[in-house]
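Take a look at the model, then try each question before you read on.

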Amino acid sequence: MNLSLVLARLGTGALLLTLLLALAGMALHPGQGYEWSSYFDAWLWQVIRFSVLQAALSALLSVVLALPFAWALAQRPFRGQWLLAGFLNLAFVLPVLAVVLGIVALFGRQGWWPLETTVYGLPGILLAHVALNWPFAVRLLWDRLSQVPLHHRRLATVLGLSTVQRLHRIEWPILKTATGPVFVLIALLCFSSFTVVLTLGGGPANTNLEVAVYQALKYDFDARGAALYAAFHGALALGLMALLGHNKVWSMETVAQPARSGMQRASALQRVAIITLLLTLLAPYLALIQRALRADWQWPGQLNEALLTSLGIASFSALVAVLLALSRCVSVQSARRRSLWLDFGVLVMPAMVLTTGLFLLCLRLGWARQSTWPLIIWINALMAMPLILQPIKARTAAARNQYQRLTRVLGLSRWGAVRFVYWPVLWPVLTWALALSAVLSLGDMGVAALVGQLDFVTLPLMIFRAMGSYQMTLAAQLMVGLLALCALLLGLAEWARGRGHA
């Protein structure tokens with residue numbers, strides 16, 4: 001049995017074992033809880049309705065707002081489009097709490113543009129979800145429209161088609177087929193939203209299933225209720241995954257860069273779209289920075305511990321995420337087709353559902369305290385894997401096609417081929433994947449909030465606790481520091497990626 005097959009089977013086995021152990025944890029949960037009939041009350045159906053409603057509205061707003069921008073950006077290749085695509089990716093992966101604090105700084109009572117109603121509740125949740133997912137929707141739809149064959153556009157020019165006719169005959173059919181999968185994907189992300197709903201929900205009336213799981217475990221110590229809510233969440237998420245099907249819309253790769261001779265200056269319409277995008281997406285972060293500068297900077301006593309904990313978890317989870325992605329890349333074709341659904345990671349079974357099942361199993365076995373770090377590292381790796389998988393898979397396949405015959409002719413061993421041929425080609429994208437996974441782990445709060453003990457602290461947990469005690473300036477200052485750390489990691493990754501192409 002060769003090394004590639006062993007690595008592939010280990011990765012697939014680890015993913016399948018995680019699902020099985022999570023299911024076992026929910027089935028064998030500790031504690032008796034209440035009577036089963038008492039859980040199926042009006043509150044449960046209200047939570048399910050709100051979970052579906054906020055996810056559908058958030059996805060609808062994100063897609064509708066993304067359509068005109070994606071269309072404008074795809075009209076023709078322009079110089080610097082890779083930079084804009086990278087910025088749209090960056091807006092999607094930055095810590096969720098940064099967007100939440102930015103929305104409060106923009107639309108809260110003391111914000112730049114206070115809402116007539118409170119920012120806490122459904123309006124705030126929708127604003128935060130749109131701020132998070134709108135750039136990703138633009139990115140995905142822009143990528144789809146950029147795949148229109150060049151000869152189709154030239155033919156439309158020769159035929160003298162107007163902008164409206166070109167939209168109707170060429171671009172709209174593509175948008176129509178892409179919009180559905182993008183809507184379902186964003187709805188699935190919003191359906192599994194934890195941090196936004198927990199911080200901006202404003203009360204029991206605006207609770208989704210993920211927050212219900214958290215409250216059942218952390219506040220009510222009701223393991224049976226947590227398992228039930230997690231089971232409902234998992235079943236509904238699987239239903240959404242079935243709607244998504246095999247559409248490959250999940251990718252963090254940049255928009256394909258045409259030949260330099262085909263690049264032009266952005267048109268007036270494209271410049272308006274770019275400026276509007278940048279101003280809208282940067283507004284929450286500018287408001288956040290302005291709030292952080294209101295007072296002298298503080299250095300809480302637990303900050304050093306929180307920083308070291310966050311960096312440690314981010315480092316290990318990033319390494320595990322890349323190893324998992326590599327294991328999915330080296331699978332043989334037949335095995336990969338049979339287990340293609342595992343490439344979606346926590347989209348198959350949301351992170352909070354997996355975390356709940358595994359945590360309940362650890363409680364059953366008496367390993368709750370010892371499992372904190374391993375659980376957070378593993379779940380964060382599962383959350384990062386879908387984002388980094390497609391770029392790694394594309395680079396791996398290209399390297400294999402280009403150099404496989406050469407390695408055979410040279411008679412290189414597998415280790416020699418990896419060291420001297422494949423590693424120089426793959427290390428730039430692997431460095432980028434490590435940095436992106438680390439940034440995602442640094443910004444995650446949900447898993448740490450659920451499984452962490454009272455004395456466990458990370459940077460996002462510190463920020464959340466500062467918000468809970470109404471220390472909004474301190475929360476903003478801590479978040480600016482976290483964003484600077486994320487920017488440093490991503491900057492180093494891009495530097496390494498550039499050296500790899502040099």
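Q: Is the crossing in which α5 passes α19 left-handed or right-handed?
A: The model is predicted, with residues numbered from 1 along each chain as its sequence is written, and side-chain values use heavy atoms, leaving out hydrogens and water. Local features need pLDDT of at least 70 and side-chain atom pairs 80 or more, while totals for chains, interfaces and linings use all residues. The two helices (DSSP runs of H or I, at least four residues, numbered from the N terminus) are α5, residues 96–107, and α19, residues 459–468. With the near helix turned from the far one by less than a right angle (anticlockwise is left-handed, clockwise right-handed), the crossing of α5 past α19 is left-handed.

Q: How are α5 and α19 oriented to each other?
A: Their axes (lines fitted to C-alpha atoms over the stretch in contact, with N-to-C angles from 0 to 180 degrees) come within 10 Å and cross at roughly 25°. Angles under 35 degrees count as roughly parallel, over 145 as roughly antiparallel, 65 to 115 as roughly perpendicular and the rest as oblique. So α5 and α19 are roughly parallel.

Q: How many nonpolar residues are in the contact of α5 with α19?
A: In this contact (heavy atoms within 4.5 Å), α5 supplies Leu97, Val100 and Leu101, and α19 supplies Pro460, Ile463, Phe464 and Met467. Ala, Val, Leu, Ile, Met, Phe, Trp, Tyr, Cys and Pro are nonpolar, Asp, Glu, Lys and Arg charged, and the others, Gly among them, polar. The contact of α5 with α19 has no polar and no charged residues, and its nonpolar count is seven.

Q: Why are α3 and α12 described as they are, and what is the word for their orientation?
A: Helix α3 covers residues 42–73 and α12 covers residues 268–292; their axes lie 9 Å apart, at an angle of about 135°. α3 passes α12 in a left-handed crossing. The two helices are therefore oblique.

Q: What is the handedness of the crossing of α3 and α6?
A: α3 and α6 (residues 122–145) pack with axes 6 Å apart at about 40°. That makes α3 oblique to α6. The crossing of α3 and α6 is right-handed.
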